Amino acid sequence: MLTITGAKELSELLEERRKTGGKIGFVPTMGALHDGHISLVEKAASENDIVVASVFVNPAQFNDKSDLEHYPRTFDADQKLLQNSGCDILFFPSIEEMYPAGPDVPSIQVDLGGLDKVMEGKFRPGHFEGVVKVLKRFFDITGFCNAYFGEKDFQQLAIVKRMVSELRLPVHVVGCPIKRENDGLAMSSRNTRLTIEERKIAGKISIALRHAESKWNARSVSETIADITAELTEEKAFRIDYIEIADRDTLQPLSENEKRNAIVCVAVFLGQVRLIDNIFLS
Ligand code: AMP
């Protein structure tokens, strides 16, 4: 596996490989890798000739300075994991390499059709602007590729698909299922910041979502939200940011008795750590 830090070097290398018919798979990450990330890399490896994974903690997408400061960074372990999972190129750029004019450069103008106005967009102002900014830069560097994103960040996946289509970028976006720990907790780089006590109860988020899924046919939107709220608040340590039941395509909230194409998305704080999860209801 090659480790590359220069954008121009990566661009040129991928261009060369495309000329000889190589299909490029790209997996953008913020590092602190776990099996969720690795499942994306393995899928990319099974569908492409060359796999590029990036490790870049994007300052532009953190609305909370302390979250950025405390974001786990485990580069040596990341490198080893990628090496063993079929990754060919690790792209590890500096902030200057990604943002030659600084991360405060103007946002990319793109109509996201309101996908960015709900859920994470409401609770983390500026977050998706930062995501779009960094991905536009990444896709300019990689050029034509298949890009792999997890359903763990379902709203991000929807926004990336929309962005690629609006900006007519030569990128095919591939969604990948959520990888979970044995107790159901969605794998996340942030899980390592949970205390032992918090980690013991963190699995209750996905258990509450699975209960909601199994009762969905018999419960309305507000009843389902109330059920999940009640189950989570049994644990005093959870602080709920939002529980939303939305249409999977538009991400707009479902009306009371709508049933089709539903996803429930939650964001909760457990101590200092903010966790998100989701499950398809229908
Ligand atoms: P991150 O490093 O958190 O920015 O995540 C990089 C990519 O990995 C994103 O596309 C995430 O949605 C995806 N990802 C993170 N956690 C998981 C998981 N548990 N299962 C599947 N994909 C994941």
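A salt bridge is a side-chain nitrogen of Lys or Arg within 4 Å of a carboxyl oxygen of Asp or Glu. The structure on display is a predicted model, in which local features need pLDDT of at least 70 and side-chain atom pairs count only at pLDDT 80 or more, while totals for chains, interfaces and linings use all residues. Residues are numbered from 1 along each chain as its sequence is written, and side-chain values use heavy atoms, with hydrogens and water left out.

Please begin by selecting E12 and K8, whose side chains form a salt bridge with an N to O distance of 3.1 Å. Both residues lie in helix α1 (residues 7-19), 4 residues apart, so about one helical turn separates them. Helices here are DSSP runs of H or I with at least four residues, numbered from the N terminus. Colouring by accessibility (buried under 20% relative accessible area, exposed over 50%, partly exposed in between, with a 1.4 Å probe and protein chains only) places E12 as partly exposed at 44% and K8 as exposed at 60%.

Remain in helix α1 and select E16 and K19, which are 3 residues apart, again about one helical turn. Their side chains meet in a salt bridge at 3.2 Å, N to O. E16 is partly exposed at 46%, whereas K19 is exposed at 60%.

Next, select E223 and R219, a salt bridge whose closest N and O atoms are 3.9 Å apart. E223 is partly exposed at 32%, and R219 is partly exposed at 28%.

Finally, select D67, E120, R124, R190, R193, D241 and R274 together: salt bridges link these residues in a network. Across the whole structure, the search finds 21 salt bridges.

Methods. Helix = DSSP H or I, 4+ residues; strand = E, 2+ residues; numbered from the N terminus.
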